[in-house]
Amino acid sequence: MPNPTAAMLVIGDEILSGRTRDANMHHLANELTAQGIDLKEVRMVSDEAPAIVDAVKALSGSYDHVFTSGGIGPTHDDITADCIAEAFDEAIDVRDDARQLLADHYARTGKELNEARLRMARIPDGAELIDNPVSVAPGFTLQNVHVMAGVPSVFTAMVASVLPTLTGGAPLISRSQRIERGEGDIAGPLGQLAQDYPELSIGSYPFQDKGKHGANIVMRGIDEAMLDEAMGKLAELFA
């Protein structure tokens with residue numbers, strides 16, 4: 001049985017403008033690989049409602065899980081929650097359980113739960129809250145979409161909250177080999193090897209290092225014995 005599939009939707013003008021470097025995709029990819037969930041697509045969209053709604057509809061209909069990052073804070077451009085509600089035709093409002101989490105947190109810190117902060121308690125109907133042990137304001141899951149903050153420390157904590165609730169498949173195993181030959185020299189034999197082992201993902205990643213050039217060959221799959229066999233064939237080809 002194939003592994004469950006996933007996509008990631010990164011939301012925010014700050015990512016697309018280059019002002020902020022996205023670190024969440026790398027973390028999510030590693031965590032999903034260990035869980036046996038195959039990350040198949042990553043999209044980035046601006047803080048524009050139509051773009052977010054369209055992307056959520058497309059991705060949620062194509063993959064088993066969708067993870068979103070960004071746009072659930074207290075400011076005017078944090079519109080992700082409303083867009084998720086629109087995508088699934090659900091109502092959205094301040095929810096009592098989310099409000100209580102925020103109220104308790106700000107009471108402990110001596111800060112006011114003002115109107116802006118209360119925006120973080122707006123949750124679509126039918127959604128389940130995602131625990132946030134870092135800054136309390138929750139994410140949420142609606143159908144197969146897991147909505148999370150963009151701040152890396154919070155995103156990481158929310159991923160840790162969600163992944164144990166998901167059924168994964170066989171973890172993906174990776175092997176790599178450095179070959180100091182040009183890709184033009186290795187392309188033919190490597191293509192044949194890929195045909196001989198269609199169950200494996202075989203990639204070639206060129207490098208230049210201290211005057212040397214070549215490629216790192218990376219093989220991925222769920223069958224460790226097959227990976228070892230294919231790596232042995234690779235070593236024979238370019239001994």
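Helices here are DSSP runs of H or I that are at least four residues long, numbered from the N terminus. Helix α8, which covers residues 183–196, is one of them, and I186 lies in it. Keep in mind that this is a predicted model.

**The whole protein**

Let's start with the big picture. The secondary structure comes to nine helices and 11 strands. The C-alpha trace spans about 65 × 40 × 35 Å along its principal axes. Of the 239 residues, 41% are buried. How much accessible surface does the protein have? It comes to about 12600 Å², and carbon and sulfur atoms hold 49% of that. As for how the chain meets itself, take the contacts between residues at least 6 apart in sequence: 68% of these join residues at least 24 apart.

| Residue | Relative accessibility | Class |
|---|---|---|
| I186 | 1% | buried |
| T5 | 19% | buried |
| E86 | 51% | exposed |

**I186 and its surroundings**

Which residues does I186 touch once its neighbours within four places in sequence are left aside? The partners are I179, R181, S204, A215, I217 and F238. With 1% relative accessibility, I186 counts as buried.

**T5 and its surroundings**

Over in strand β1, made of residues 5–11, you'll find T5. Skip the neighbours within four places in sequence, and T5 is in contact with I37, D38 and K40, as well as with S62, Y63, D64 and H65.

**Charge, and where E86 comes in**

Now for the charged side chains. The protein has 19 positive and 36 negative ones, and the centres of these two sets lie 7 Å apart. Where do some of the negative charges gather on the surface? There is a patch of negative charge made of D54, E86, D89, E90, D93 and D125. One of its members, E86, has its place in helix α4, which runs over residues 80–87.

Technical notes. Residues are numbered from 1 along each chain as its sequence is written. This is a predicted model: local features need pLDDT of at least 70, side-chain atom pairs count only at pLDDT 80 or more; totals for chains, interfaces and linings use all residues. Side-chain values use heavy atoms; hydrogens and water are left out. Patches are made of residues with over 30% relative accessible area and no salt bridge: like charges are joined within 9 Å, nonpolar side chains (Val, Leu, Ile, Met, Phe, Trp, Tyr) within 5 Å. Accessible areas come from the Shrake-Rupley method with a 1.4 Å probe; for residues, only the protein chains shown count as cover. A salt bridge is a side-chain nitrogen of Lys or Arg within 4 Å of a carboxyl oxygen of Asp or Glu. Lys and Arg count as positive and Asp and Glu as negative; His and the chain ends are not counted. The place of a charge is taken as NZ of Lys, CZ of Arg, CG of Asp or CD of Glu. Helices (H or I, at least four residues) and strands (E, at least two) are DSSP runs, numbered from the N terminus. Buried means under 20% relative accessible area, exposed over 50%, partly exposed in between (1.4 Å probe, protein chains only). Contact means heavy atoms within 4.5 Å.
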